[in-house]
Amino acid sequence: MRTTGLLLLWTLLLVVASSTTHRLEASSIEQGRRLAQLYCAECHSIDKVSPSPLRIAPPFRTLHERYPVEMLEEALGEGISTGHPSMPQFQFEPDQIGDFIKFLKSLE
Ligand code: HEC
């Protein structure tokens, strides 16, 4: 009897823990999307269908076709300026970068 009770408790704990992780994951993506909306959407398409407002700026959903999006982590932290003549320089905080990468991955 006692073991059954314990098992039940563990199962409950596991369920609660995993659903919290899911929610955290979702809110990271949401944060990343907000960053993109705020800083990048003026030129880049940040959704799964529309063309970029600035034609020469690649839609974010196509970035992973060129390189793993994790490669952007460094660029974003050091200040991204690679081959962006018309793009202002950006520098993100480490937790913003994590959110942003998660958001990019959600577009793949
Ligand atoms: C004012 C317009 C503008 C804004 C705002 C902008 N970009 Fe860009 N971005 C460009 C243009 C134009 C290109 C294509 C430049 C090129 O290929 O040389 C580009 C290309 C890129 C690339 C591809 C670079 C490569 O070499 O593959 C990445 C990644 C990128 N932008 C990230 C971002 C991020 C992240 C933001 C927001 C924080 C952002 N951009 C905001 C105009 C912009």
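These legends accompany close-up views of a predicted model.

**View 1. Overall fold of the chain.** The predicted chain holds 4 helices and 0 strands. Its elements read α-α-α-α from the N terminus on. Of the 108 residues in the chain, 14% are buried. Among contacts with a separation of 6 or more, 47% join residues 24 or more positions apart.

**View 2. The largest nonpolar core.** This core has 11 residues: Leu35, Ala36, Ile46, Phe60, Leu76, Phe92, Phe100, Ile101, Phe103, Leu104 and Leu107. Helix α4 gives the largest share, 4 residues.

**View 3. Surroundings of Ile46.** Ile46 belongs to the largest nonpolar core. Setting aside residues up to four places away in sequence, Ile46 touches Arg33, Ala36, Gln37, Cys40, Ala41 and Phe60. Two of these partners, Ala36 and Phe60, are listed in the core as well.

**View 4. Gly32 in helix α1.** Gly32 sits in helix α1. Gly32 counts as buried because 23 C-beta neighbours lie inside 10 Å, and the cut-off is 20 or more.

View 5. Beyond its neighbours within four places in sequence, Gly32 is in contact with Asp99, Phe100, Lys102 and Phe103. Phe100 and Phe103 are also members of the largest nonpolar core. Gly32 and Ile101 lie 69 residues apart in sequence, yet their C-alpha atoms are 7.3 Å apart in space. Ile101 is another residue of that core.

Methods
Residues are numbered from 1 along each chain as its sequence is written. This is a predicted model: local features need pLDDT of at least 70, side-chain atom pairs count only at pLDDT 80 or more; totals for chains, interfaces and linings use all residues. Helices (H or I, at least four residues) and strands (E, at least two) are DSSP runs, numbered from the N terminus. A residue is buried if 20 or more other C-beta atoms lie within 10 Å of its own, exposed if 12 or fewer, and partly exposed in between; C-beta atoms are placed from the backbone. Two residues are in contact if their C-beta atoms, placed from the backbone, lie within 7 Å. A nonpolar core is a set of buried Ala, Val, Leu, Ile, Met, Phe, Trp, Tyr and Cys residues joined through C-beta atoms within 7 Å.
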